[in-house]
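This report describes the fold of a single protein chain.

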Amino acid sequence: EVLYLGYISAISRLYLHQGGAATLPQLSARLLAARYDVSSLTALELLRWDYKQGERVDGVAAAGLRFGIAAICETLPALLNRSGGSRGLEEAMAAAAARRGGLGLLLALTAPEEEGGRKGLVAWAGGGAE
């Protein structure tokens, strides 16, 4: 039992040292922050990060419509800036839709600009429905 606790202590010190944290709670906070660090991702990569897809199967007007929604963990102005403007975001969304097999509709739901504010929504519509 003492040997086992010694191993745990040594492993904890190793992880704390590598993570640049003095305590386990600090290491945990750093790891959580790193999990949500999307600063190195492109707009196209963000559109793939937290993504869901569906298809409308009933009804007449939109039957067969394939659609997707991406939850973006940054604000709309930040996403536009990352994309190089609205044209760049449109191109990224078109590329994301094409990579998903030709979606008819792609939505991007962005983070609110202020605490308690409204989320942003960007819609791209293409020719994916038949």
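This is a predicted model: local features need pLDDT of at least 70, side-chain atom pairs count only at pLDDT 80 or more; totals for chains, interfaces and linings use all residues.

In strand 4, which spans residues 120-125, G120, V122 and W124 point to one face and are buried.

## Overall composition

The chain has 130 residues, of which 25% count as buried. Its secondary structure consists of 5 helices and 4 strands, and these follow the pattern α-α-α-β-β-α-α-β-β along the sequence.

The accessible surface amounts to about 8,900 Å², with 56% of this area belonging to carbon and sulfur atoms. When contacts between residues at least 6 apart in sequence are considered, 51% of them join residues at least 24 apart.

The 4 strands form an open sheet in the order 1-2-3-4, with mixed pairing. Strand 1 (51-55) and strand 4 are the edge strands, each pairing on one side only. From one strand to the next, the twist averages 20°. In general, the strands of a sheet pair through backbone hydrogen bonds, either parallel or antiparallel.

Strand 1 pairs with strand 2 in the antiparallel sense over 5 bridges, and G54 stands opposite F67 in strand 2. Strand 2 and strand 3 run parallel and are joined by 6 bridges; here T75 has A111 in strand 3 as its bridge partner. The pairing of strand 3 (residues 105-111) with strand 4 is antiparallel and also comprises 6 bridges. In strand 4, L121 stands opposite L109, and W124 stands opposite L106.

How does the direction of helix 4 relate to that of strand 2, and which strands does helix 4 touch? Helix 4 packs on the sheet and touches strand 2, strand 3 and strand 4, its direction making about 100° with that of strand 2. Helix 5 packs on the sheet as well, touching strand 3 and strand 4, and its direction makes about 60° with that of strand 4.

The axes of helix 4 (residues 76-83) and helix 5 come within 7 Å and cross at roughly 85°. Because angles of 65 to 115 degrees count as roughly perpendicular, helix 4 is roughly perpendicular to helix 5. At their contact, L79, L80 and S83 of helix 4 meet S86, G88 and L89 of helix 5.

## The nonpolar core

The largest nonpolar core contains 19 residues, and L47, I72, L79, M93, L106 and A108 touch the most other members. At least two residues of this core come from each of helix 3 (43-49), strand 2 (66-75), helix 5 (86-99), strand 3 and strand 4. Helix 5 gives the most, with 5 residues. In soluble globular proteins, nonpolar side chains tend to be buried together.

What does L106 touch, residues up to four places away in sequence not being counted? The contacts of L106 are Y51, G68, I69, M93, A96, A97, V122, A123 and W124. One of these, M93, is likewise among the residues that touch the most other core members.

## Two individual positions

Is T110 buried or exposed? T110 is found in strand 3, and it counts as buried because its relative accessibility is 1%, where the limit for burial is under 20%. Leaving aside neighbours within four places in sequence, T110 is in contact with I72, E74, T75, L76, L79, K119, G120 and L121.

G102 lies in the loop between helix 5 and strand 3. Its relative accessibility is 26%, so G102 counts as partly exposed. The C-alpha atom of G102 is separated by 7.9 Å from that of R66, although the two residues are 36 residues apart along the chain.

How values were computed:
Residues are numbered from 1 along each chain as its sequence is written. Side-chain values use heavy atoms; hydrogens and water are left out. Buried means under 20% relative accessible area, exposed over 50%, partly exposed in between (1.4 Å probe, protein chains only). Two strands pair if DSSP finds at least two bridges between them. A nonpolar core is a set of buried Ala, Val, Leu, Ile, Met, Phe, Trp, Tyr and Cys residues joined through side-chain atoms within 4.5 Å. Contact means heavy atoms within 4.5 Å. Accessible areas come from the Shrake-Rupley method with a 1.4 Å probe; for residues, only the protein chains shown count as cover. Axes are lines fitted to C-alpha atoms, for helices over the stretch in contact, and angles run from 0 to 180 degrees between N-to-C directions. Angles under 35 degrees count as roughly parallel, over 145 as roughly antiparallel, 65 to 115 as roughly perpendicular and the rest as oblique.
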